[in-house]
Amino acid sequence: MADHGCSGIKPTRRAVLAGAASLAAIGAARAQQAGLDMAAAKKEGKVVIYNNWQPNGIEPLLQKFRDANPGIQTEQIRLGSNPLIERFQTEFVAGRNLCDVLVTFPDERIGEGMKNGWAAQWTPPEIGNFAPEYNEDNRLFTIQHARECIIWNKAQVRPADAPKDWADLLDPKWKGRVGMNPPWRSVSIQQICAFWEDIGIKDAPERLKANEVRFFEGSGGIIQAVVRGDVRVAELTDLPLNPLLEDGAPIGFIYPKSGTTLSANKAFVAAKAPNPNAGKVFLNWLMTEQGQIHLQTYCGLSVTRKGAPPLSKLPATSALSNVVDGEKILTPERQTAIVDKWRSTFGIR
């Protein structure tokens, strides 16, 4: 007698199909238990992402998500961290909830928002691939890191003249030729301003005003100004740096030996998201191995998943000197004082 398995009975086609359906149902149930409901996500049909990513990389990143998740379209709003948080906060208070997933460098408003119900509590299936400190109460997840650095146009600045430390940005030789992101616009810039105070750089707003510093909107605006030669040197949050170096941009850079600040780019699914299931699918995808690689490739920041490859052109954070967590030194009181000081010095209301 032929052996057709331990029972000795050949299964019918109906039984095979029933078994496959059962396995599919079990898989769907497990996905739902893990915090993902793919059918519901596809029924919602789209996800709305508020973000602060490198502008040129957003659409290629979102296309990779759409390729991996057909049936879920994407919409996105890109702003600096400060106006992005302000927009979400205003919409939440007004009961006009448009955002599904928010990605930004946080300040104290994000901490207060967690207490006030901004974020959904859930467990992404991929969370086991991240260190525990990158998960805050199954609500707020650290997916990337940014560092502050100094950059310059290599075609216009000789190696001997290139800045070596933060105080060099205040050197009168760069008068009218130094750029930065305005501190009232970005939390990461507020953090480096606090760090400058901590290492003894006094009166930075006044000295940079005397040096005729030029402000540009966001890191993308800063680095393009340096590439064009609008300014020769600049302070930069390094999210657009690696992609442009890969493209051969004539940019020199340094992370000063006196130290720098680290900014955690964090994400959450909004508790009142109009498309909560699609939001969870998207954020979990960002945490997958491929999602993290795409996030790093297109948006330029080092990612936080265990075992993720390093950036191709920039040093690892572990190789830098005196890296300080910017969130820990920028207290709410200090943030207010820094923003008020810079606004007052430059006559910005």
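Modeller: The answer starts with the chain as a whole, then turns to the core and its surroundings.

This is a predicted model, in which local features need pLDDT of at least 70 and side-chain atom pairs count only at pLDDT 80 or more, while totals for chains, interfaces and linings use all residues. Residues are numbered from 1 along each chain as its sequence is written, and side-chain values use heavy atoms, with hydrogens and water left out.

The protein chain has 13 helices and twelve strands; these are DSSP runs numbered from the N terminus, helices being H or I of at least four residues and strands E of at least two. Of its 349 residues, 51% count as buried, where buried means under 20% relative accessible area, exposed over 50% and partly exposed in between, with a 1.4 Å probe and protein chains only.

The largest nonpolar core has 32 residues. A nonpolar core here is a set of buried Ala, Val, Leu, Ile, Met, Phe, Trp, Tyr and Cys residues joined through side-chain atoms within 4.5 Å. Val47, Trp53, Phe282, Leu283, Leu286 and Leu295 touch the most other members. Two or more residues each come from strand 1, helix 3, strand 3 (101–104), strand 5 (140–153), strand 10 (260–269), helix 10 (276–287) and helix 11 (289–299). Helix 10 gives the largest share, seven residues. Leaving aside residues up to four places away in sequence, Phe282 touches Val47, Ile49, Trp53, Leu62, Phe65 and Val101. Another core, of 30 residues, lies apart from this one and includes Trp152, Trp166, Ala204 and Val339.

Strand 1 (residues 46–51) also pairs in the parallel sense with strand 2 (residues 73–78), over six bridges; two strands pair if DSSP finds at least two bridges between them. Lys46 has Gln73 as its bridge partner in strand 2. With helix 3 (residues 55–68), the two strands form a right-handed β-α-β unit: with the strands pointing away from the viewer, the path from the first strand over the helix to the second runs clockwise.

Helix 5 (residues 108–115) buries Arg109, Ile110, Gly113 and Met114. These buried residues fall within an arc of 145° seen down the helix axis, so they line one face of helix 5; the arc is that of the directions from the axis to the C-beta atoms. Their cover includes helix 4 (81–94), strand 3, strand 5 and strand 10. Just after helix 5, Gly117 has a positive phi of about 90°. The loop from helix 5 to strand 4 (135–136) holds Pro124, which is buried at 1% relative accessibility. Pro124 and Lys280 lie 156 residues apart in sequence, but their C-alpha atoms are 7.4 Å apart in space.

Strand 5 also packs against the buried residues of helix 8, as do strand 6 (178–180), strand 8 (233–237), helix 9 (241–246) and strand 9 (251–254). In helix 8 (residues 218–228) the buried residues are Gly218, Ser219, Gly220, Ile222, Ile223, Ala225 and Val226.

Cys193 is buried at 3% relative accessible area, and Cys299 is buried at 0%. A search of the whole structure finds zero disulfides, a disulfide being a pair of cysteine sulfur atoms within 2.5 Å.

Methods: Contact = heavy atoms within 4.5 Å.
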